[in-house]
Amino acid sequence: MNIPGTDQDLRNALEDVNLPNLLMVLACITGSDEWLDARFQPAPIEAPEGSLFPDDTGRYSDAIAAEIKDAAVRIIGEVRDGKRELAPPPTQERLQRMMTFSTADEVDIGYAAMLMEEMCFSDRDDVWRAPLESAVSEGKTDGFNVLIIGAGMSGLGTAAKLKAAGINFTIIEKNPEVGGTWYENTYPDCGVDTPNHYYSFSFNRNPNWSGYFSKRDELFAYFDSCADEFDVRKHIRFNTEVVSAAYNSDTRQWEVHYRDTDGDHAASFNVVVSAVGQLNRPSRPDIEGLEDFSGDMWHSARWNHDVDLTGKRVGVIGTGCSCVQLLPKTAEAAAHTTVFQRTPHWVAPARDYYRPVEPGQLWALNHIPFYAEFHRARMILVFGDRVWPAVVADPEWEQTDISLNETNHGMREALVEFIKEGLGDKQHYVEHCVPDFPVWGKRLIVDNGWYPTLGREDVDLTTDPIVRVRPEGVETADGTVHELDVLILATGFHTNQFLWPMEIKGQSGRTLESVWGDSANAYKGVSVPDFPNLFCLYGPNTNIVHGGSIIYQVECQIHYVMQCISTMLDKSVDAIDVRAEVNDAYNERVQAISQTLAWGHPNVESWYKNSDGRVINNSPFSLQEYWAVTHDLNLEDYHLQQAGDNEAA
Ligand code: NAP
């Protein structure tokens, strides 16, 4: 890492950095435990009321803060001037101690193992790299071909690893560009609600995010640049859709049919990786008369930039994350807005949602050794599993109809106050804005002015059910016809039909659709019995609700899939097919745990559940648990077929 500038540049940067992180930088650079001395102990992590971010000061006395900064200028300056070598990265045990110290919270050894990889202090790819390197050198990869369906985040991440391993692959992408969700969603104020320094590949961090929660264009640019940095763009067939894939038990290959502007084509692949995501097929509501609407109408994920909302009467159906994000901007432009709400969501205050990354922080992320690593680790803890206990039902808890435990209940009470405050003069909306399910039953939406927007004079919240859409507007059950010029459908996605609308046939000839019905399930979210050599990314029961980056989840899955592929090549396995009983036992466990979590609560009706009330989209695991679940491939979980029909040991 190049450290430019003078001591004064360094000192200026330190005004903006997180001091407990800086302390860990010193402990890492020097390898010395003097920085873990009790007098440097920071205060526990605590966010000021209404803020997303904990304060960065460690709440040190001025004297200790000055001592840390002076030491940092001296020690980092010595590294810059070539007078000091960096100590080796910490061991797992030392990292555990460092994280426990710097967060003033117990970080266990398993967590440290996960962080070692997320911080790139240990290389998680080691486990599959060596066997793949020998397979490549022995020519075993000749003629071996992987299809990745989708060039969004999951597809690009997989391609990066296959490329590095020297394995042939093709990506088929329905859009003309990479980026998936970040290509398709362009609605006003579209952005991420997981901190970016964590919502990015661990193996391709971006130190230059302009904000802590970046907007769509910057996110798209990141994924677009990943395609070039990973050197995978030339492997992508854009504007091409996979129509069907069928497993041929004789050849042990997937026969894939796809369509592009020239027509229909077919090709065979040894392995298919589905990287199509859970949220990429917009769902239009099944409302009578919808197509008869005479004004402009579009789905939030297919924004019509040709229509200027200025001065228009705008209706929005749906009050999920997409609506909450876009509404403050569209309401600003429109003459009048009607929001059609079926169910309210919980919305969390986030005063610092638009906080730009401070100049000194940017400098530190780019130039101070180890700083970006500790910044990421802190984000993982603060915005991830520290929340987990709040989503787990306490068996002793009595108010089970509205909350799960004391913390969860406390959060509920705080959020109800936030609703009342935000609605201003429209207190009669309060009863409509308080969900009847526990906090985190659905994804907790990061606020960007939702309640004050509902509180505007020119915005109406309508909770009467929609009866039909008429050419002139939306009719609700009370008989009112809400006349509109524009109708925006913020109604979510086809989430229960994984891999839809592709037809995927397994070795017995049954389709995934018929096997799953609306109860999709997979082993670890990745493998499906009877569908050998097919791997799902962001598959069933892998979505995160409590907090965390979906990129993290997908990296866990990519790691697992790379072990499967490496096994195939290393052990000359043609077909790897998860055992049905292993999958069944796993999914029984998934369902049992889900019942005890916020999103399994009986009052929750959401896109996470199927028609039987089973949670099929969300992970039942904390981030660290899912990392452990996917970390090591156990070959005994699978039927393995080698050339000549033998089942491998
Ligand atoms: P969503 O959460 O599924 O919300 C859809 C909304 O439409 C819900 O309020 C739903 O009501 C309503 N709806 C659906 N059909 C309806 C009908 N026939 N009549 C009336 N209302 C209807 O979709 P989304 O807001 O697009 O978000 C989907 C997911 O995308 C989120 O959960 C999140 O994971 C992700 N996302 C993330 C961000 C971010 O990171 N900032 C932003 C946007 C989206 P009910 O609640 O009653 O079903």
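1. Gly-311 is partly exposed, with a relative accessible area of 49%. On this scale, buried means under 20% relative accessible area, exposed means over 50%, and partly exposed is in between, using a 1.4 Å probe and protein chains only. Gly-311 touches Ala-333, Ala-334 and Ala-335, leaving out residues up to four places away in sequence; contact means heavy atoms within 4.5 Å. His-336 is 25 residues from Gly-311 in sequence, and their C-alpha atoms are 7.6 Å apart.

2. A word on what you are looking at. This is a predicted model, in which local features need pLDDT of at least 70 and side-chain atom pairs count only at pLDDT 80 or more, while totals for chains, interfaces and linings use all residues. Residues are numbered from 1 along each chain as its sequence is written, and side-chain values use heavy atoms, with hydrogens and water left out.

3. Ser-300 is buried, at a relative accessible area of 1%. Beyond the residues up to four places away in sequence, Ser-300 touches Asn-185, Tyr-187, Ser-322, Leu-326, Leu-489 and Ala-490. Glu-106, by contrast, is 194 residues from Ser-300 in sequence and 42 Å away, C-alpha to C-alpha.

4. Now to the ligand. Around the ligand there are 23 residues, of which Asp-193, Thr-319, Ser-322, Gln-325 and Thr-343 come nearest; a residue counts as near if one of its heavy atoms lies within 4 Å. These residues divide into 9 nonpolar, 10 polar and 4 charged. Helix α10 (residues 321-333) gives the largest share of the shell, 3 residues.

5. A backbone N or O atom of Thr-319 is 2.9 Å from an oxygen atom of the ligand, and a backbone N or O atom of Gly-320 is 3.5 Å from one. The protein covers 85% of the 910 Å² of accessible area that the ligand has on its own. A polar contact is a pair of N or O atoms within 3.5 Å; within protein, one must be able to donate a hydrogen and the other to accept it, and residues adjacent in sequence count only if both atoms are side-chain atoms. Accessible areas come from the Shrake-Rupley method with a 1.4 Å probe, and for residues only the protein chains shown count as cover.

6. The largest nonpolar core has 181 residues, and Val-146, Phe-374, Leu-454 and Ile-565 touch the most other members. Helix α17 (residues 550-570) supplies the largest share of this core, 13 residues. A second, separate core of 26 residues includes Tyr-258, Phe-498, Trp-516 and Phe-531. A nonpolar core is a set of buried Ala, Val, Leu, Ile, Met, Phe, Trp, Tyr and Cys residues joined through side-chain atoms within 4.5 Å. In soluble globular proteins, nonpolar side chains tend to be buried together.

7. Thr-158 lies in helix α7 (residues 153-165) and is buried, at a relative accessible area of 2%. The Thr-158 side chain reaches the backbone oxygen of Ser-154 at 2.8 Å. Apart from neighbours within four places in sequence, Thr-158 is in contact with Ile-148, Val-273, Leu-537 and Ile-558.

8. Finally, some backbone details. The peptide bond from Trp-500 to Pro-501 is cis, with omega near 5°, and Pro-501 is found in the loop between β17 (486-489) and β18 (503-505). Asp-231 is not a glycine, yet has a positive phi of about 60°; Asp-231 is partly exposed, at 38% relative accessible area. Asp-530 also has a positive phi, near 80°, but counts as buried at 18% relative accessibility.

How values were computed: Helix = DSSP H or I, 4+ residues; strand = E, 2+ residues; numbered from the N terminus. Nonpolar A, V, L, I, M, F, W, Y, C, P; charged D, E, K, R; others polar.
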